[in-house]
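Please open the structure in a viewer and keep the selection panel at hand. The tour below moves from one selection to the next and states what is to be found at each stop.

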Amino acid sequence: MSHLTSAPAAAGTAAAGATTSPGPAPRRRRLTLPLRLGRKHAELALLLTPAVALFVLFVLLPICIAAYYGLFNWSGYGPLSDFTGVHNYRLVLSDPVFRGSLLHNVIIAVLSLLVQLPISIALALLLNRRMRGGTFLRLAVFAPYVLSEATTAVLWLLILQPGGFVDQVMRAVGLGGLIHPWLADPAIVLYTLFAVVTWKYIGFGIILLLAGLQGIPAELREAAAIDGASAWQTTRRITLPLLGPTIRIWAFLSIIGSLQLFDIVWIMTIGGPANASSTMVTYMIQNGFRSLEFGYGSAVAVILFVVSFVFALLYQRFALRRDTAGALTGAVG
Amino acid sequence: MTSMRSTRKYAAMTAATAAALILAACGGGSSGSSSGGSTGSSTSSGPVTLSWWNNATADPLKGVYLEAIKNYHAAHPKVSITNVPIQNEQFPTKMPLALQSSNPPDIFQQWGGGQEATQLKSGKLADLTSRVPGLIKTLGPAAQGWQVNGQQYGIPYDLHMVGFWYRKDLFAKAGISGPPATMDQLNADVAKLKAANIVPIAVGSKDRWPDAFYWDYFVVRECSVSQLQTAVKATSANYPCFVKAGNDLKSFMATKPFQTGFLGTPAQVGAGSSAGMVANGKAAMELQGDWDPAVMTPLTTDKNYLSKLGWFPFPAVSGAAGDPKVLLGGGDGFSCTTSAPEPACADFLAYLDSPEVQKKLVATANVGLPANPAAASALTLPAERQILQLSQAAPFVQNYLDIAYPTNVGQALDNAVADYFAGQGTPESIVSTIDQAAAQQ
């Protein structure tokens, strides 16, 4: 409550200082240091409070509460009475299904970098050229990203069902022997889902990289061309290094997205068959909400948070440091 | 550096303020008046309003409920009921919070079994045993699924039984004269259907719970009724008959009776689902609840599919200890909370089980089998009447095991059986997974 009474008072002083001055410039210079600081603080309090309050209420507090719930064996009914310490956390980390889920997240993340990045760069470079129908093509590659995850999942569920569109097309072009139960074979279901995720998110990478490409001054390429650089050399030595910050941001978003993968998996496979496509979040929903084990589910949520948070910190520290410091062209070449 | 420090100080200060606000906001709730209309469990004669959380989000069921509310209010002018439809899938997450709060609904959707026992821990479920003794007698064995330690904490309004739905036309095409009565006959029929190039059985393994029906039924066939009751009461599956059931499932699955890619097939969504396959004549059988024909309606363009459907109970297993007349089933019902006005709450639940409302629930809303046998005449499908007769003649109806056990144990069961369908685990590991989950209770 204290700030509600103190803030207007401080603001009032500041306002008084401004209004009672006939000639603002000379009067303002005479404001004492504490007064100036007070005004600055009032401003800060006024502008920051709403954001900080929301952040605390909906981000920090729930994280702390989840970590606390994780210490109990709790079905959601009755009081939090069965304190079990770190038992839940230990149980989660020793469960082979959770480890498998974490591994699936990592596989998706690594595949995203290995497969989506080259495709995104190649298509972005192509689309960055002046050509007939360029706008339409950009729109076309971006279209899947606009669809909601649920729509994407239902769409692909129909396309991939046994005897569905994919199977028909493969049979028509003579690849009938390669047809698999795409979502029912534990050995390939994760890769099927990765293909769907790629279809959906490749457009986002391309648009991001296109924006990055637009930011590269044409003069640099022209100068390189005058110096006799080939198209490949220009791309390799000028375009790609200058695209670095964009690529690093894309990789960051992609990895965080992979760690938190849920909607598409839940709708298409519910993490099955036999947990072959489970992710950390499907594991959390299954073992927290569906099994009414809110203590255990909270522990999973906290572990998922720690994994994502530690990755984000390390990535900020080591990969994004130069970008966020504003040194965009520090190490070209 | 100064600015840095002062920024931090202010961040800390605003954070503290925010925390104070949060505490104030949370603390304020306790003194607020309850908006649910509950007037405490006093039997006052003043006007009362009850909030009713149910899963009837769409017609025709919603319409039947609204009509019941209207008619009940006309007969009892002092009792008003507020209809609160909630998506079915939201109940598992909403109920724990609601029962923790000081303002729970007066009436809410209740599936009985282990989940009801878990909810009982909140101390907010009203004991209805002495409120409606006549009704409990009328419902007979059907009421047992909503009892905990012999006390009635919920009242069913419909019942469900699991059995095989089959296509008479496909059976005839494969040269099968009638539905099988034993597992050996079923296995022979599976072979005949395969020889005729027909998928014998469709199963929706993606959803996991349809897999559990198979294991559950083998358990019901292998265990005696008293063994089943002991196991559920002890929240354990560690009995020889449960392992035997797993072995039965193993040899049944060795006949490869299911469609290709069944691990990815949903049970009820789309024409490619297991229900859709039977509705469209793409598979000859499905082990499902009595609700299956209603599920099939939107999944097929064949207007005559109902006339092609027949039903038979899960076949007998030779040499097994269980009574082959025992059925696996469950149903839907409601509970009253302790803050609900009585006797209005229990009386309204009894009204829902009156023949008048029951007939509408069956004929108009297609809910399945009526909880009150007096409404049997409202069933239109011959197969449904057959199921109701068998359920009345059954010495015992075992609640679906994943519902009968507490929720986390039931989920562990579904997952273990689904893993087994996907080729992982053994009959013994299903049992040990269930007991591990029970140990975490």
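**Stop 1: the interface of chains A and B**

Select chain A and chain B together. Between chain B and chain A the count is 0 salt bridges, a salt bridge being a side-chain nitrogen of Lys or Arg within 4 Å of a carboxyl oxygen of Asp or Glu. Across this interface there are 8 residue pairs in polar contact, with both residues at pLDDT 80 or more. A polar contact is a pair of N or O atoms within 3.5 Å; within protein, one must be able to donate a hydrogen and the other to accept it, and residues adjacent in sequence count only if both atoms are side-chain atoms.

Before going further, note that this is a predicted model, in which local features need pLDDT of at least 70 and side-chain atom pairs count only at pLDDT 80 or more, while totals for chains, interfaces and linings use all residues. Residues are numbered from 1 along each chain as its sequence is written, chains are lettered from A and ligands numbered from 1 in the order in which they are written, and side-chain values use heavy atoms, with hydrogens and water left out.

The two chains bury about 3400 Å² between them, and 63% of this area is on carbon and sulfur atoms. Buried area here is the accessible area (1.4 Å probe) that two parts lose on being put together, summed over both. Chain B brings 40 residues to the contact and chain A brings 42 residues, where contact means heavy atoms within 4.5 Å.

Which elements give two or more residues to the side of chain B that touches chain A? They are helix H1 (2–31), helix H3 (91–100), helix H4 (113–120) and helix H17 (407–421) of chain B. Helices (H or I, at least four residues) and strands (E, at least two) are DSSP runs, numbered from the N terminus. Colour H1(B) separately, as this helix gives the most to that side, with 12 residues. By class, the side of chain B that touches chain A has 13 nonpolar, 21 polar and 6 charged residues. In this scheme Ala, Val, Leu, Ile, Met, Phe, Trp, Tyr, Cys and Pro count as nonpolar, Asp, Glu, Lys and Arg as charged, and the others, Gly among them, as polar.

**Stop 2: Ser205(B)**

Next, select Ser205(B), in the loop between strand E7 (199–201) and helix H8 (209–222) of chain B. Is Ser205(B) buried or exposed? With a relative accessible area of 5%, Ser205(B) is buried; buried means under 20% relative accessible area, exposed over 50%, and partly exposed in between (1.4 Å probe, protein chains only). Its side chain is joined to that of Asp211(B) by a polar contact of 2.7 Å. Not counting residues up to four places away in sequence, Ser205(B) touches Asp211(B), Phe262(B), Leu263(B), Thr265(B) and Phe421(B).

**Stop 3: aromatic pairs**

Now display the aromatic rings; the whole structure holds 45 aromatic pairs over all chains. Rings of Phe, Tyr and Trp (its six-membered ring) pair if their centres lie within 6.5 Å; planes under 30 degrees apart count as stacked, over 60 as edge-to-face and the rest as tilted.

In chain A, select Phe142(A) and Tyr145(A), 3 residues apart in helix H6 (residues 134–146), about one turn of the helix. Phe142(A) is partly exposed at 25% relative accessibility, and Tyr145(A) is partly exposed at 29%.

In chain B, Phe164(B) and Phe312(B) form a stacked pair, 5.1 Å centre to centre with 15 degrees between the planes. This pair links distant parts of the chain, with Phe164(B) in strand E6 (residues 155–167) and Phe312(B) in strand E9 (residues 309–312), 148 residues apart. Phe164(B) is buried at 0% relative accessible area, and Phe312(B) is buried at 2%. Ring pairs link both residues into a cluster, whose members include Tyr214(B), Phe262(B) and Phe421(B).

**Stop 4: salt bridges**

Lys360(B) pairs with Glu67(B), the closest N and O atoms being 3.2 Å apart. Lys360(B) lies in helix H14 (residues 355–363) and Glu67(B) in helix H2 (residues 61–75) of chain B, so the pair ties together parts that are 293 residues apart in sequence. In the salt bridge of Arg167(B) with Asp169(B), the closest N and O atoms are 2.9 Å apart; Arg167(B) is buried at 3% relative accessible area, whereas Asp169(B) is partly exposed at 31%. Lys308(B) forms a salt bridge with Asp302(B), with the closest N and O atoms 2.6 Å apart.
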